[in-house]
Amino acid sequence: MKQNKLSIIIPVFNEEASIAKLINEINTRSTLKQIDEIIVVDGGSTDNTIAIATNLNSTVISSEKGRAKQMNAGAKVAKGEILYFLHADTIPPYNFDCKILKTITNQKAAGSFRMQFDSDSFFLKFFAWFTRINHKICRGGDQSLFITKDLFFKLNGFNEEYIIYEDGEFIERLYKATNFSVIQDKVTTSARKYQQKGMVKLQYHFGVIHLKKILGKTPQELHNYYKKNIAN
């Protein structure tokens with residue numbers, strides 16, 4: 001029987017400030033024997049992201065910009081039986097590879113970790129607390145996502161119409177397709193955007209986007225709201 005191994009897929013765009021730390025932490029926090037490869041999918045960086053990732057023995061490929069497109073591109077070239085999607089500013093917990101492989105079964109073909117921010121903010125701790133709950137409304141891409149390659153392609157991967165909220169849309173489909181697992185160990189994700197935009201303000205806008213999705217707004221409408229209220 002072929003041993004399951006992980007292909008770690010990291011979509012990047014101008015992430016020279018974080019990519020080296022992430023790759024080094026992956027190497028420190030895993031057994032390495034369980035990891036087939038680290039695939040860095042670049043969406044057109046103009047900084048030193050590609051050079052840094054290449055020097056750290058990652059497989060670097062290029063794709064059209066857009067996280068859904070980049071993650072799908074990474075999945076297509078992945079050798080591992082299990083895909084692990086990780087944002088460039090999110091650090092996985094120790095022994096994450098073993099915990100993912102232990103969790104994956106025929107009945108549980110996808111899941112994520114709980115999340116904490118690299119911040120002492122009570123406000124952010126409050127929202128991070130809810131990631132322990134196994135419900136689709138408590139999920140997000142910052143918690144990272146693992147899935148068997150078979151199930152990923154059976155569901156046709158990420159919907160590339162979504163410039164934002166691609167994780168949320170895919171996870172909604174995952175909850176219908178399999179018994180989604182939440183590992184109680186925590187990834188640590190950057191609070192950078194909250195600190196830049198204002199914590200309450202940013203959380204409010206994310207909530208509005210989530211509500212708009214529930215109300216049936218199109219991917220373009222979600223992106224327009226994001227561009228108007230968050231991106232600028």
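**View 1. Helices H5 and H9 cross with a left-handed sense.** A crossing counts as left-handed if the near helix is turned anticlockwise from the far one by less than a right angle, and as right-handed if clockwise. This is a predicted model, where local features need pLDDT of at least 70 and side-chain atom pairs count only at pLDDT 80 or more, while totals for chains, interfaces and linings use all residues. Residues are numbered from 1 along each chain as its sequence is written, and side-chain values use heavy atoms, with hydrogens and water left out. H5 covers residues 122–129 and H9 residues 199–214; they pack at an angle of about 30°, their axes 10 Å apart. So H5 is roughly parallel to H9 (under 35 degrees; over 145 is roughly antiparallel, 65 to 115 roughly perpendicular, the rest oblique). Axes here are lines fitted to C-alpha atoms, for helices over the stretch in contact, and angles run from 0 to 180 degrees between N-to-C directions. On the H5 side, look for Phe123, Leu124 and Phe127; on the H9 side, Met199, Val200 and Gln203. Contact means heavy atoms within 4.5 Å. That set splits into 5 nonpolar, 1 polar and no charged residues.

**View 2. H9 also packs against H10 (residues 219–231), at about 170° and with axes 10 Å apart.** The two helices are therefore roughly antiparallel, and their crossing is right-handed. H9 brings residues including Tyr204, Phe206 and Ile209, and H10 brings, among them, Leu222, Tyr225 and Tyr226. The contact residues come to 9 nonpolar, 2 polar and 2 charged.

**View 3. Strand E6 (residues 110–117) is largely enclosed by the rest of the structure, because 7 of its 8 residues are buried.** Buried means under 20% relative accessible area, exposed over 50%, and partly exposed in between (1.4 Å probe, protein chains only). E6 pairs with E8 (residues 181–189) in the parallel sense over 7 bridges, and Gln116 has Thr188 as its bridge partner there. With E7 (residues 145–148), E6 runs antiparallel over 2 bridges; Gly111 sits opposite Phe146. Strands pair if DSSP finds at least two bridges between them.

**View 4. Strand E4 (residues 82–85) has Ile82 and Tyr84 pointing one way, Leu83 and Phe85 the other, and all are buried.** In a regular strand the side chains alternate between the two faces of the sheet. E4 pairs in parallel with E1 (residues 6–12) over 4 bridges, with Tyr84 as the partner of Ile8. E4 is joined to E7 by 4 bridges too, but antiparallel, and Tyr84 partners Phe146 there.

Conventions
Nonpolar A, V, L, I, M, F, W, Y, C, P; charged D, E, K, R; others polar.
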